Amino acid sequence: MKVRASLLLRVAFGAVLAIVAGAGAGAQTPGQDESNVVDQPGYQPTPEEEQLTGAFEKQEVFFRTSEAPGTVVIDTRSRFLYLVQPDNRALRYGIGVGRDGFQWSGLQKISRKQEWPDWRPPPEMIERQPYLPRFMAGGPGNPLGARAMYLGATVYRIHGTNQPQTIGTAVSSGCFRLVNEDVIDLYGRVAVGTKVIIKQAVAL
Amino acid sequence: MRGTSVGIARRGGALALAGVLAAFLAGCGETPSPTPAIVAPAVSADQLVGKWGLASYRKDEDRARTIKEALAQCNKPYVINKGPSGGVMMYLADSKELSELVLKAGPSGQTYLGPPGDAGTADDRIVTNVDPNSFTTIWVDPDNASRYGTMVYERCGKR
């Protein structure tokens, strides 16, 4: 309980940092690495915490599109990632997206895939949390989670997270995060070269 | 009579005290174990002063590449200065404020780095693999150890 309480304190502290950092977000350049705000490096969520419920739980949905099956469509406003299936269907995953000023749209392809990616906190995070290692080898507790899929030549990624509570929220610097179980599932379904469409909103 | 009874009482008290002493001595019949000698830590504060690339890992197979990555992080060095009391100025886990930490010898020969006091407390870290250009730390607190893993410090600008 003591450990849990201390973690909650840290989350609360991180949220305060996020608000403070968010106030100056407009002055920053979108495209910086993920994890500017509420990261809890090393924190390993419980299986219960990683279990999503309701709309953000992975599910097959009706999805009318002219895009070919296998295409990834990201709806940043609704916080959903769709993997197009045949017959107007799609697999829908709940995601976390970029906070205000860090959302973007465009057409990309998955340029690289990585299991258990390493994490390098951005310089501004090191300034705020100078005790952090400047490099954290991939593994459980890593803020980038279990898998990463890089988007074209950008610094953006679709990746996992050790903070399942951020699914459905806008907290990142432009990357898209899924819970580890979902990102592992998606990783297994898409290949390098997969088309990824990022939209502010998707008309179904 | 009164004086006699007091004398008997005194003698009885003396006997009782002797009995307690005898029992105590009997129970401690073996040679008392010596007070553990205070051993100087194997690492000096001066060895830790400098600018370091800092990286962490959890799996032993990641150690070699983590050391390389630590060196690559010297553009964001972790700076360790000497403290006013002879220790080193470093951050405790999750603390943004520098604290003066000292090196402490543990009973099993390990070297600890932490606030002044007993070795091996929750705020301490174990220091290993020390050479002029590198050292490794592992947090004593299991929560810290789990979150931060094993941390390697590689000197920026090797000696």
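Predicted model: local features only at pLDDT ≥ 70, side-chain atom pairs only at ≥ 80, totals over all residues.
Local features need pLDDT of at least 70, side-chain atom pairs count only at pLDDT 80 or more, and totals for chains, interfaces and linings use all residues. Residues are numbered from 1 along each chain as its sequence is written, chains are lettered from A in the order in which they are written, and side-chain values use heavy atoms, without hydrogens and water.

Start with the extent. Chain B puts 25 residues into the contact, and chain A puts in 25 residues; contact means heavy atoms within 4.5 Å. The two chains bury about 2100 Å² between them, 54% of it on carbon and sulfur atoms. Buried area is the accessible area (1.4 Å probe) lost on putting two parts together, summed over both. B:Lys76, B:Lys96 and B:Arg147 supply 27% of what chain B buries against chain A, more than any other three residues.

Two salt bridges cross the interface (a Lys or Arg side-chain nitrogen within 4 Å of an Asp or Glu carboxyl oxygen). In one, A:Asp118 meets B:Arg65, with the closest N and O atoms 2.7 Å apart.

Which elements of chain B give two or more residues to the side that touches chain A? They are strand S1 (50-57), helix H3 (63-72) and helix H4 (142-148). H4(B) gives the most, with five residues. Helices (H or I, at least four residues) and strands (E, at least two) are DSSP runs, numbered from the N terminus.

Strands also join the chains. S1(B) pairs in the parallel sense with strand S7 (residues 135-136) of chain A over two bridges; pairing takes at least two DSSP bridges. A:Met136 has B:Ser56 as its bridge partner in S1(B).
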